[in-house]
Amino acid sequence: MSDLPILVAEDDEDIASALQRGLGRAGFEVVVAHDAAAALRLGRARGFSAAVIDVMLGDEDGRDLVRALRRAGMTAPIVMLSALSGVDDRAEGLEAGADDYVAKPFDLADLAARIRVQARRRAGGEPRGPALRYDPERRLASGPTRTVQLTDREGLLLSLLMDQRGRILSRGEIFDTLWADTGGSSENVVDVYIGYLRRKLAPMSDFGLDLRTVRGRGFVLMETSE
């Protein structure tokens with residue numbers, strides 16, 4: 001872990017104080033910003049080894065802050081905190097540029113461990129990405145404990161989901177990418193092949209992945225939590 005401090009963006013003073021004390025006991029130096037503007041100024045002005053950002057910063061959206069910090073050049077791992085724990089909430093946080101997403105209430109020891117894990121990954125100490133590997137030529141999905149043979153179309157769907165890991169893909173978006181030029185199919189074919197993948201890869205935790213349906217929005221492939 002770098003000797004640089006951790007940036008904490010949290011508008012609730014009690015939670016910010018608890019984070020500063022708890023992460024301090026875990027060996028981190030902590031710099032607190034109570035709003036998005038202050039956090040962005042700090043992120044632009046100095047280096048940080050990691051950032052912990054609440055999704056709700058008063059009237060501001062912490063995901064917008066994550067995007068702004070990434071545009072400003074921050075490469076340090078970012079962990080988002082939120083009282084919102086739904087699949088789509090987590091996916092939107094990761095899509096904004098966060099490395100991990102922790103629901104409140106959280107354990108400070110667990111948060112500190114997650115920060116260290118993400119810092120090691122950024123530094124190259126641990127491989128990034130899920131345990132799943134896909135060989136498109138042989139159409140083999142391989143994990144630490146087993147290998148599964150896929151059909152050509154199942155493999156194309158898995159490749160698309162892996163390329164867009166952490167991002168919600170709508171049914172129409174998947175259909176347009178994989179089936180629109182085949183003729184004679186409807187968007188229902190997407191649900192059919194999502195079902196095929198789930199059955200063939202079940203349990204997906206063997207591959208370090210979770211394929212979830214986000215009601216009214218589509219599908220998202222995510223890494224399972226550490």
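**Loops, sheets and charges in a predicted model**

Arginine 139 sits in the loop between β8 and β9; helices here are DSSP runs of H or I with at least four residues, strands are runs of E with at least two, and both are numbered from the N terminus. The model is a predicted one, so local features need pLDDT of at least 70 and side-chain atom pairs count only at pLDDT 80 or more, while totals for chains, interfaces and linings use all residues. Residues are numbered from 1 along each chain as its sequence is written, and side-chain values use heavy atoms, with hydrogens and water left out.

The phi of arginine 139 is near 60°, which is a positive value in a residue other than glycine. Arginine 139 has 31% relative accessibility and so counts as partly exposed (buried is under 20% relative accessible area, exposed is over 50%, and partly exposed lies in between, with a 1.4 Å probe and protein chains only).

Arginine 133 stands opposite serine 142 of β9.

A second open sheet has five strands in the order β2-β1-β3-β6-β7, and here the pairing is parallel. Its edges are β2 (30-33) and β7 (100-103), which each have a single partner strand, so one side of each is left without a neighbour in the sheet. The twist again averages 20° from one strand to the next. β3 (residues 50-54) and β6 (residues 78-82) run parallel and are joined by four bridges, with valine 52 opposite valine 79 in β6. Helix α1 (residues 13-25) packs on this sheet and touches β1 (6-9), β2 and β6, its direction making about 170° with that of β2; contact means heavy atoms within 4.5 Å. Helix α2 (residues 36-45) lies across β1 and β2, at about 140° to β2.

Two cis peptide bonds turn up in loops. One joins lysine 104 and proline 105, with omega about -5°, and proline 105 is in the loop between β7 and α5 (108-123). Another runs from alanine 202 to proline 203, with omega near -10°; proline 203 lies between α8 (188-201) and β11 (209-214).

Aspartate 88 belongs to helix α4 (residues 87-96) and is partly exposed, at 26% relative accessible area. Leaving aside residues up to four places away in sequence, aspartate 88 touches Ile168, Val214 and Arg217. The C-alpha atoms of aspartate 88 and arginine 167 are 9.1 Å apart, although 79 residues separate the two along the chain.

As for the whole protein chain, there are eight helices and twelve strands, and the C-alpha trace spans about 55 × 35 × 30 Å along its principal axes. Buried residues account for 45% of the 226 residues.

Terms used: Pairing = 2+ DSSP bridges. Axes fitted to C-alpha atoms, helices over the stretch in contact; angles between N-to-C directions.
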